[in-house]
Amino acid sequence: MSDPQILNARANKSLGQHFLFDPDILNRTALSAGPVEGRTVIEVGPGPGGLTAALLRNGAEKVIAVEMDSRFAENLRGWKEHKQGRLSVVEGDGLALDYEALVADEKQPVKIIANLPYNVGTPMLVNWIKAGSWRGEMGLMFQHEVAARVCAQPGDKHYGRLAVLSQAVANTHIAFTLPPGAFKPPPKVDSSVAVLMPLEEDKKYPHLSTLEKVSAAAFGQRRKMLRASLKSFAKTKGLNASEWLENCDIDPTRRAETLTQLEFRALTDRYLSA
Ligand code: SAM
């Protein structure tokens with residue numbers, strides 16, 4: 001349990017601190033990507049520890065809490081679960097951490113469940129996806145628009161490179177959305193939990209860096225036809241954009257927002273083999 005003083009700790013805005021205290025919301029977040037019983041879970045940004053406690057209460061075998069704010073890291077090191085070895089605390093920047101090394105000894109895929117700081121949530125997710133070897137489920141609270149971008153489908157206004165990259169390795173959906181008033185202090189916008197359920201290994205797309213570059217080029221000028229938006233990127237491999245698209249059975253006059261995951265994969269495969 002947290003020291004009562006920690007529950008009233010002043011939020012540091014530059015660290016994106018917006019805390020959750022409602023037990024029902026914390027349980028729903030903890031279980032957003034399925035049961036945690038018997039599993040190891042990484043939580044980035046535990047803050048005063050509401051979600052950490054919910055993960056432990058719901059039977060997580062171990063929680064690895066990564067926190068940059070030393071006040072919160074120190075508080076968690078005082079918990080009985082820390083002494084029992086069920087809670088380990090990594091004090092530092094979750095963006096700079098070697099997660100592969102952190103979970104090297106784990107036998108089962110490790111989950112990531114977190115109420116992420118708004119300012120670094122997207123690069124953290126991109127790092128985890130691009131590490132490629134990540135096999136555990138993720139339930140991540142973001143500002144709503146980022147969660148919508150992770151889960152968007154072709155034709156949605158939020159469909160873009162984050163959806164293409166996320167869905168190259170996972171099925172995604174929004175578990176639930178919370179208004180600003182659910183947090184202390186309240187952020188300016190709604191928040192949502194995006195759930196990423198990993199695809200089977202042989203269904204994941206392996207060439208993630210190139211897929212990211214192709215989708216970035218395609219969506220860079222999202223109102224343009226693909227033959228125009230991909231023109232200069234195609235040249236990096238000596239390709240003609242229209243021919244490249246036609247070879248993948250894609251009409252060069254279409255726009256990026258209409259392309260499916262499979263079509264982005266086809267474009268990337270052909271770019272790599274050119
Ligand atoms: N999990 C808590 C909750 O739901 O009440 C706190 C969530 S708060 C939105 C984000 C937390 O991430 C804060 O505790 C903040 O100190 C921490 N944080 C911010 N940047 C971080 C970083 N780069 N690495 C690790 N933790 C970070």
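How many salt bridges are there between domain 1 and domain 2? In this predicted model, the count is 1. That pairing brings together the side chains of Glu 212 and Lys 130, with 2.7 Å from N to O.

The domain assignment of the protein chain places domain 1 at 13-203 and domain 2 at 208-273. Where the domains meet, 19 residues of domain 1 are in contact with 16 residues of domain 2.The size of an interface is often given as the accessible area lost when the parts come together. Here, domain 1 and domain 2 bury about 1300 Å² between them, and 58% of that area is on carbon and sulfur atoms. On the domain 1 side, Tyr 159, Arg 161 and Val 164 lose the most area to domain 2, together making up 43% of what that side buries.

By residue type, the side of domain 1 that touches domain 2 divides into 10 nonpolar, 4 polar and 5 charged residues.

Turning to the ligand, 22 residues surround it, and the closest are Gln 17, Gly 45, Glu 67, Asp 93 and Gly 94. Two of these closest residues come up again at the level of atoms. A polar backbone atom of Gly 45 is 2.8 Å from a nitrogen atom of the ligand, and a polar side-chain atom of Asp 93 lies 2.8 Å from a ligand nitrogen atom. Gly 47 also takes part, with a backbone N or O atom 3.3 Å from an oxygen atom of the ligand.

The peptide bond from Lys 184 to Pro 185 is cis, with omega near -15°; Pro 185 sits in the loop between strand 8 (183-184) and strand 9 (191-198). Asp 249 is not a glycine, yet has a positive phi of about 60°. This residue, Asp 249, is found in the loop between helix 13 (241-247) and helix 14 (261-273).

Definitions and conventions
Residues are numbered from 1 along each chain as its sequence is written. This is a predicted model: local features need pLDDT of at least 70, side-chain atom pairs count only at pLDDT 80 or more; totals for chains, interfaces and linings use all residues. Side-chain values use heavy atoms; hydrogens and water are left out. Domain bounds come from an automatic or database domain assignment. Contact means heavy atoms within 4.5 Å. Buried area is the accessible area (1.4 Å probe) that two parts lose on being put together, summed over both. A salt bridge is a side-chain nitrogen of Lys or Arg within 4 Å of a carboxyl oxygen of Asp or Glu. Ala, Val, Leu, Ile, Met, Phe, Trp, Tyr, Cys and Pro count as nonpolar, Asp, Glu, Lys and Arg as charged, and the others, Gly among them, as polar. A residue is near a molecule or strand if one of its heavy atoms lies within 4 Å of it. A polar contact is a pair of N or O atoms within 3.5 Å; within protein, one must be able to donate a hydrogen and the other to accept it, and residues adjacent in sequence count only if both atoms are side-chain atoms. Helices (H or I, at least four residues) and strands (E, at least two) are DSSP runs, numbered from the N terminus.
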